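Hello,

Here is the structure I promised to pass on to you. Please open it first, and then read my notes below.

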Amino acid sequence: MKILVCPDSFKGTLTAPEAAAAMARGLRSAFPGAEIIMLPVGDGGEGTVRAIVGSPAFSGRVAEVECKVYDPLHRLIKATYHIAGSTALIESAAASGLTLLAPGERDVLKADSYGTGQLIVDALSRGATEFIVCMGGTATCDGGYGAFRAMREHDFSAARFTLLCDVDNPLLGPRGAAPVFGPQKGAGPDSLPLLEDRLERVAREYRETYGRDIGSEPFAGAAGGLAGMLMACYGATPVRGIERVLALLDFSRLAAGASLVVTGEGRADATTLSGKAAKGVLDASRLLGLPVVLVAGRVADRETLLEAGFAQVVQATPDGVDPSGRAAALLERASASLSL
């Protein structure tokens, strides 16, 4: 028996490789003698580059680069990205991430994406012409204007950008960056109209300067509108992050002959089906006729997830239990309870 283990990170508790290792331990207990293949994935959020650099496309030829940049509140920090030949692999969360701020520091009206622009500029200075930028986990909702300020004095005419996105929301409107993601980043009800107004002004500036209106374009709202800026100003191509990651990891070849695929994330609910890693793993597995089990720290909308095609949906954390410090053990135990 062959089982493929493909979790995303369990945000705030486990990285994707840590989650895969815990799940594998549980599966070996449930299925003694099974061949367990660990394939941590990402959908454009934190940890996506870590998944990519181990793929056949990049393995063995990637260098990690560390540089000083500004965090979302303009404090100097050290952030890393990766470069392979002329290709730079950058996570927006590395410089502009929500995890860089304590909960009490979240201020989406002040936070900006300048640090991500600095990472991109640094990669350009090292000869990068191909940029793969992961659009997830940011503390910002500035329409990418901070990054734009960092980049605008540099020549990107030979550069090509691919954006790995975990959501396809537009920049503006009821599904836009402000109302959908602003509250996650510290915006209260009174702040949301101010955010929307700021994004409208930024979008208007991009349109008047570069001739492209990204207000209603799919994916433009990713990373608080950073994706929209790169699309409007630099001709970036947005793609669903998990689809590109699975292709780079050669998922179809590794899954051939498997009996089961197990995926996971920190919280599973109806939004899982909107382009996140678990949904991408489900879609790719169903093309191969493979059953997929979803294991999550917390589960809501279970029936919706089952109707979407997951064979089982398992909650790893008992209700009322704080998973802090116990996430790996809880995930291992949940995986040991699975059955075909």
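**Ser92 and the rest of the protein**

The backbone oxygen of Cys134 lies 2.8 Å from a polar atom of the Ser92 side chain, a polar contact (a pair of N or O atoms within 3.5 Å; within protein, one must be able to donate a hydrogen and the other to accept it, and residues adjacent in sequence count only if both atoms are side-chain atoms).

Before going on, please note that this is a predicted model, in which local features need pLDDT of at least 70 and side-chain atom pairs count only at pLDDT 80 or more, while totals for chains, interfaces and linings use all residues. Residues are numbered from 1 along each chain as its sequence is written, and side-chain values use heavy atoms, with hydrogens and water left out.

Back to Ser92: its place is in helix α3, residues 92–96 (helices are DSSP runs of H or I with at least four residues, strands are runs of E with at least two, and both are numbered from the N terminus). Ser92 counts as buried because its relative accessibility is 0% (buried means under 20% relative accessible area, exposed over 50%, partly exposed in between, with a 1.4 Å probe and protein chains only). Leaving aside neighbours within four places in sequence, its contacts (heavy atoms within 4.5 Å) include Cys134, Met135, Gly136 and Leu226.

Ser113 is found in the loop between α3 and α4 (114–125), and it is buried, with a relative accessible area of 1%. Ser113 and Ala93 are 20 residues apart in sequence, yet their C-alpha atoms are 9.5 Å apart in space. Among the residues that Ser113 touches, not counting those up to four places away in sequence, are Ser96, Asp142, Tyr145 and Leu226.

Ser55 lies in the loop between α2 (48–53) and β3 (63–70), and counts as buried at 0% relative accessibility. A polar atom of its side chain lies 2.7 Å from the backbone oxygen of Ile52. Beyond its neighbours within four places in sequence, Ser55 is in contact with Leu248 and Leu249.

As for the whole, the protein has 13 helices and 11 strands. Of its 340 residues, 54% count as buried. The C-alpha trace spans about 60 × 45 × 35 Å along its principal axes. Among contacts between residues at least 6 apart in sequence, 73% join residues at least 24 apart.

Best wishes
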